[in-house]
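Please read them with the model open.

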Amino acid sequence: MNDQVERPVYMDHAATTFMKPEVLAAMAPYFSEHFGNPSSLYRFAGEPRNGVEAARGQVAAAIGAGPEEIFFTAGGTEADNWAIKGVALANRARGNHIVTSAIEHHAVLHTCEWLEKQGFSVTYLPVDGFGRVDPEAVEAAITDRTILVSVMMANNEIGTVQPVAEIGRVAHDHGVLFHTDAVQAIGAVPIDVDAMNIDLLSLSGHKFYGPKGTGALYIRRGTRVETLIHGGGQERRRRAGTENVPGIVGLGRAIELATADIAGHNRRIAAMRDRLIRGILDAIPDSRLNGHPVERLANNANFSFRYVEGESILLLLDARGICASTGSACSSGSLEPSHVLLAIGLPHEEAHGSLRLTLGDANTEDDVDYILEVLPEVIGRLREISPLTPPSPRVPEAE
Amino acid sequence: MMYTEKVIEEFTNPQNVGELTDADGVGEAGSPTCGDTMKIYLKVEGDRIADARFRTFGCAAAIASSSMATRMILGMTLAEAWNLSDADVVDALGGLPEPKVHCSLLARDAIRAAIADYRVRRGLEPQERGSCECGGVGGCGSCPGND
């Protein structure tokens, strides 16, 4: 680790983001000055109550919803669980079938698998080579027992953005509710829940420069959703537990900042991402970009490098001060590589050799330059070690 | 997943990387499908290992295990190298996270495959039955059928 640079080059914003100073500033008074319980009746509880309700309005405004349709949770995973289990349990009399995709986050997939154990049936739709769900396949999968379609807005690994509005329309044409996990999409994809035919939407604060442990579920007015967390009467009796007031306030401020200028943000980030993609594909033979070439998150670049393994790439990058991610099994403790990379048709060898670089607001052109300098060296070094690397086609230099 | 400093050091500066064009025995273990492939090359003088090299496709634990195992078997007799256990490699690395212990097994298997290849090339029985802890009786984990 001797050559580690002083400032880490952080390119793992899909995993989590730093908190913006404005967000921290908004939260600060609610840790100490305005510490009251929003459920209390005395006037001292008014400020925390106002903070929570202001945040509800900020979240609602960011996705074109009404404040009464926003419910705060402890994160995106809880929101996904609530949306899917909540709809399933509340609508069991109408049907027991759910349609989702093979490349959802585990918060969705594992929830669906749990529901299967409870007697529900789930269709896991395949995706094309770019990771797109075909709305016609959604339509074909819907039966008269289908109660929910759940397809993510943008994939967390390969960044592919789904045709959510069309999928929602298909669901509605058949009288089926539509949930989307928008955890990766907030601040990158303009969202209007009405125009996009969304009935339930999950989001998570720490993915857009807000605090960890915060999230929200949008539930369209009138949608039947079972309550999962019982206790007090918070969140209009639909999600018990004393509110994480500072976190909620931070979430509200963060989503306001993240959605203030999506087009401008995407222009700046995508320019760096595209330079990164071009530079890497040009410099490293036998590399490929995973995900859709156009319909992808502005900050996502996901590659496969043949003959090398992802965790090894990550650790050598880490030794040079670069934080990134991989879909390789070796990083996770399971022995299977990413279900997303396998679903888009990558052979196991290439799925093991994947690297995800996700940019964020603090990244600079210098960061891109540094990665373009370091990554080819790292891949070259690992390929020298790998027995899978084919002999160099170049004429050997004279000794 | 946390690695010991020793694993990181061995992974970052691996020893004995490469191939031996005049190897006396070559062995391979694992498969690219499961994310790890290890190839070991041996040069044998008398019954001792005079040189050992490796090439590995795999994670940090796999590369570190390959490097450490090749360092450990240098100078060993073939019987000693055959009996090098995965636990020996893990100990030398100061431990491996539980899901990664299989990587050290690959090193052991690749070394045994290389020794078996050496013996086949010399027209001997492929396995060194009898050169292990049980003396060929079976049950030691090294004899055929016990892996």
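1. Terms come before the sheet: two strands pair if DSSP finds at least two bridges between them. Helices (H or I, at least four residues) and strands (E, at least two) are DSSP runs, numbered from the N terminus.

2. This is a predicted model, in which local features need pLDDT of at least 70, side-chain atom pairs count only at pLDDT 80 or more, and totals for chains, interfaces and linings use all residues. Residues are numbered from 1 along each chain as its sequence is written, chains are lettered from A and ligands numbered from 1 in the order in which they are written, and side-chain values use heavy atoms, with hydrogens and water left out.

3. Chain A has an open sheet of three strands, ordered β9-β10-β12, with antiparallel pairing. β9 (287-290) and β12 (354-358) of chain A each have a single partner strand, so they stand at the edges and one side of each lacks a neighbour in the sheet.

4. β9(A) is joined by four bridges to β10 (residues 300-305) of chain A, and the two run antiparallel. Within β10(A), A:Phe303 is the residue opposite A:Leu289.

5. In chain B, nine bridges link β2 (residues 36-45) to β3(B), again in antiparallel fashion. B:Tyr41 faces B:Arg53 of β3(B) across the pair. The two strands form a hairpin with two residues between them, and B:Gly46 in the turn has a positive phi of about 65°.

6. How many residues of strand β3 (residues 48-57) of chain B are buried? Seven of its 10 are, so to speak, mostly covered strand; buried means under 20% relative accessible area, exposed over 50%, partly exposed in between (1.4 Å probe, protein chains only).
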